[in-house]
Amino acid sequence: MATAATRSSDRRISPVFLGIAAIMAVTGWAVWTGFAPNPGLAVFLFVTSAWIVSLCLHEYAHARTALHGGDLTIGAKGYLTLNPLKYTHALLSIVLPVIFVIMGGIGLPGGAVFIERHRIQGRWKHSLISAAGPLTNVLFAIVCTAPFWLGALDGVPMAFRFALGFLALLQLTAAILNFLPVPGLDGYGVIEPWLPHGVRRQVEPFAPFGLLAVFGVLFIPEVNHAFFDAIDTLLRGLGVTDVDSYCGQNLYRFWTVQNPVCETLTSG
């Protein structure tokens, strides 16, 4: 039987997560103050660390909801410590999503914490566990865009504004893609408990390939353009302009040729 001390250690925030959060705070300060000689490098470190923090919170939301849903083994697995190294697939949960951001500026979801679903009773609980992760990305997007739709950007340095715009884009893409009803993604996990048993059995073998399928479909130019047009429309509705998200990505990819308009806006 687990002791109170053991349960406490199972839920204590990991130094690994605190270190990532500290990097986010320090590099965010560097972007805001212009302290870094290379603003692009500061934006890269700030956005990447903030993205990893959001991934940790995404998985934490799954784990915490599962714990309250009835899976009491969650704590012993280390999922409540926010330590990304404790995830079932650290490569899928952290490394690949970061690579996708670096390569294409898209917030593809990762996965996964291992939840013992047989311990959880009730279809609504299963759906809520699956929805908790992408809802965290939605909340993160609201926080990132709040200065835009609240009109609270007076005095905010342009580099920081652009970084927030790009980070908001990543959170929106992660939320929307993760809510797709594709096997292996959280959106399918939301509807799966309500499907006939036979359908679930037939779909189950395809779950490991769902993320790859989504990534492949996004390579189709027509689909890619339609998807990002929809993202841009949502961002504009939240006050984030195309310039904000584009210049944020341009700054983030500091090793590429910088757009002179973005450079002028940032330095000005």
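**Entry 1: ground rules**

I am working with a predicted model, where local features need pLDDT of at least 70, side-chain atom pairs count only at pLDDT 80 or more, and totals for chains, interfaces and linings use all residues. Residues are numbered from 1 along each chain as its sequence is written, and side-chain values use heavy atoms, with hydrogens and water left out.

**Entry 2: the core**

I looked up the largest nonpolar core. The term means a set of buried Ala, Val, Leu, Ile, Met, Phe, Trp, Tyr and Cys residues joined through side-chain atoms within 4.5 Å. Buried is under 20% relative accessible area, exposed is over 50%, and partly exposed is in between (1.4 Å probe, protein chains only).

The largest nonpolar core has 66 residues, and V47, I74, I106, L108 and L170 touch the most other members. Helix 3 gives the most, with 14 residues. Helices here are DSSP runs (H or I, at least four residues), numbered from the N terminus. In soluble globular proteins, nonpolar side chains tend to be buried together.

Leaving aside residues up to four places away in sequence, L108 touches W51, P97, F100, L177, L211, V214, F215 and L218. Contact means heavy atoms within 4.5 Å.

**Entry 3: helix 9**

Which residues of helix 9 are buried? I found G210, L211 and V214. Seen down the axis of helix 9, these buried residues fall within an arc of 100°, so they line one face of the helix. The arc is taken from the directions from the helix axis to the C-beta atoms. Helix 6 is included in what covers the buried residues of helix 9.

**Entry 4: cysteines**

I searched for disulfides, meaning pairs of cysteine sulfur atoms within 2.5 Å. The count comes to one. C247 and C262 form it, with their sulfur atoms 2.1 Å apart. The torsion about their S-S bond is about -80°, so the disulfide is left-handed. The pair links distant parts of the chain: C247 sits in helix 11 and C262 in helix 12 (residues 260–267), 15 residues apart. Both C247 and C262 are buried.

What about C56? C56 is in no disulfide, and the nearest cysteine sulfur, that of C144, is 15 Å away. I noted C56 as buried, with a relative accessible area of 0%. C144 also counts as buried, at 4% relative accessibility.

**Entry 5: aromatic rings**

I searched the whole structure for aromatic pairs and got eleven. Rings of Phe, Tyr and Trp (its six-membered ring) pair if their centres lie within 6.5 Å; planes under 30 degrees apart are stacked, over 60 edge-to-face, and the rest tilted.

W32 and F160 have ring centres 5.0 Å apart and planes at 70°, so this pair is edge-to-face. W32 is in helix 2 and F160 in helix 6, 128 residues apart. W32 is partly exposed at 40% relative accessible area, while F160 is buried at 14%.

F215 and F219 form an edge-to-face pair too, 5.1 Å centre to centre with 75° between the planes. F215 is partly exposed at 23% relative accessibility, and F219 is exposed at 59%. I also noted one aromatic cluster of F44, F166, Y252, F254 and W255.

**Entry 6: salt bridges**

Side chains of opposite charge can pair when their charged atoms come close. My rule was a side-chain nitrogen of Lys or Arg within 4 Å of a carboxyl oxygen of Asp or Glu. The count is five salt bridges.

R119 and D71 meet in one of them (4.0 Å, N to O). R119 lies in the loop between helix 4 and helix 5 and D71 in the loop between helix 3 and helix 4, so the pair ties together parts that are 48 residues apart in sequence. R119 is partly exposed, at 40% relative accessible area, but D71 is buried, at 0%. D71, K77, E116 and R119 are linked in a network of salt bridges.

D244 and R161 form a salt bridge at 2.7 Å, N to O. D244 lies in helix 11 and R161 in helix 6, so the pair ties together parts that are 83 residues apart in sequence. D244 counts as buried, at 2% relative accessibility.

Terms used
Helix = DSSP H or I, 4+ residues; strand = E, 2+ residues; numbered from the N terminus.
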